[in-house]
Amino acid sequence: MKLLLLLVAVGLCSAQYNPNTRPGRTSIVHLFEWRWDDIAEECERYLAPNGFGGIQISPPNENIVLSNPWRPWYERYQPISYNLCSRSGNEQQFRDMVTRCNNVGVYIYVDAIINHMCGSGGGAGTHSTCGSYFDAGSRDFPDVPYSAWDFNDNKCRTGSGEIENYNDANQVRDCRLVSLLDLALEKDYVRGKVAEYLNNLISIGVAGFRFDAAKHMWPGDLKAITDRLNNLNTKWFPSGAKPFIFQEVIDLGGEGISTSEYFGIGRVTEFKYGAKLGTVIRKWNNEKMLYLKSWGEGWGFMPSDKALVFVDNHDNQRGHGAGGASILTFFDARMYKMGIGFMLAHPYGFTRIMSSYRWPRNWVNGRDVNDWIGPPSNSDGSTKHVTLNADTTCGNDWVCEHRWRQIKNMVIFRNVVDGQPFSNWWDNGSNQVAFGRGNKGFIVFNNDDWYMDVTLYTGLPAGTYCDVISGQKENGRCTGRQISVDSNGSARFQISNNDEDPFAAIHVDSKL
């Protein structure tokens, strides 16, 4: 009986690490600041047909409206209430999106802002996305409702009320992060209101949550909240399925808080992943791709089954958060595609793709002073539709990295090789490397400054394959280069260091 109870407890715990994606779908995409109507269309027309498992969406709840003079992206991270209205759409549009995406097997993960409300200088009035009244000065948020009793003002022990020392775990969790009003999550009432919000989203049909600023919340408080969460909606998910949890914890080492403190709640964002991979692909500090043979736990990362990984996210592509200048973004398109290709081919972690919008960068003293700019907007401040160009890329300043052929095809590659071991590593002692995933897929990189011409054992069945980086298989032929695997499982790879994309990938579904 004790063993049975233990197994049940382990099952309930491990369920929080399960992204709940449909079998054969292994990656999610962050459609940053997209409108709900556009997301619903994208699920049906592109994400489902190309094997994407789900979407991280921007916070759906009511937030403060800021003018800077245009509305910055970070206003979404300053809640006023848990009403479902934002510049992405109203509650009905949100419900419609969740239903339509779920119906085609692309699931929704909500960016949940539960550590805080708006900034302490947010003022009073109805300048919020639903028009709800609030008074940041008196800590009055009647649409939740929260009052001054529900914040950590008396618990923080710094003179400013702000976090002043990141080596002090108490400050990091009890004081204000950049002046945001810090919720007292140890209080049963506050935990109840947060759980009520999350359970409402679960009832609508979401599959899980990203906990923003998890590092600034006590693990015990988060555990108490997640223990109150309902099972997922059985219209789309198996009976007893738990919401997927992944937590934003920036831990590059040397601070007072560790990612491991949060493993008991769900997966955790591995910020070292993008920072280190960017350094390697940029060849900074004499790093070489050959060192990636031990990628993953061998680089000091958290266990693979606890990690959510990404090359960049909405913060660090703007220089916020972790990673600094090494982070690869769409602005570095050639290297970025290589980084995403490596991530999607390698078995470590659960993978998330970034899908961005453009903004005019303006560097002053090493900082982009335009890092605040919100999504592409109309003259009234409303968010522009995501329009599509004839070549399937996006218009209206939406970048849509997930629609880049190389990235989309590597999402499919990861689905095809799912469950296969990391195998058949090769390197030239420098920045030409290759590896396989069992007998299902093989990828080759040339990040050196000279031509690559090698014959390598792939482990794949004999035949002619379409490289899914330079093109793909369409109507029984290759639109890019063909790669022949001989009866011994070997193939010749010729990749110029001047190629638009100096890497190649093949998998069993790209075989002619």
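The model is predicted, with local features needing pLDDT of at least 70, side-chain atom pairs counting only at pLDDT 80 or more, and totals for chains, interfaces and linings using all residues. Residues are numbered from 1 along each chain as its sequence is written, and side-chain values use heavy atoms, leaving out hydrogens and water.

Q: Why is α5 called oblique to α6?
A: Helices here are DSSP runs (H or I, at least four residues), numbered from the N terminus. The axes of α5 (residues 188–204) and α6 (residues 219–226) cross at roughly 50 degrees and come within 9 Å. Axes are lines fitted to C-alpha atoms over the stretch in contact, with angles from 0 to 180 degrees between N-to-C directions. Angles under 35 degrees count as roughly parallel, over 145 as roughly antiparallel, 65 to 115 as roughly perpendicular and the rest as oblique, so α5 is oblique to α6.

Q: What makes up the contact of α5 with α6?
A: Contact means heavy atoms within 4.5 Å. Arg191, Val194, Ala195 and Leu198 of α5 meet Gly220, Asp221, Ala224 and Ile225 of α6. These divide into 5 nonpolar, 1 polar and 2 charged, where Ala, Val, Leu, Ile, Met, Phe, Trp, Tyr, Cys and Pro are nonpolar, Asp, Glu, Lys and Arg charged, and the others, Gly among them, polar.

Q: What makes α8 roughly parallel to α9?
A: Helix α8 (residues 333–345) packs against helix α9 (residues 405–417) at about 10 degrees, the axes being 9 Å apart. That angle is why the pair is called roughly parallel. The contact includes Tyr336 and Ile340 of α8 with Met410 and Phe413 of α9; by class it has 9 nonpolar, 2 polar and 2 charged residues.

Q: How do you know what counts as a cavity and what as a pocket?
A: On a 1 Å grid over the protein atoms alone, a cavity is a set of points where a 1.4 Å probe fits but cannot get out, while a pocket is an open set with protein on both sides within 12 Å along at least five of seven lines. The search finds 1 cavity of 30 Å³ or more. Its lining residues (an atom within 4 Å of a point) include Asn115, Arg173 and Trp218. The largest pocket holds about 670 Å³, a volume being the space filled by probe spheres set on points joined across faces, edges and corners.

Conventions
Helix = DSSP H or I, 4+ residues; strand = E, 2+ residues; numbered from the N terminus.
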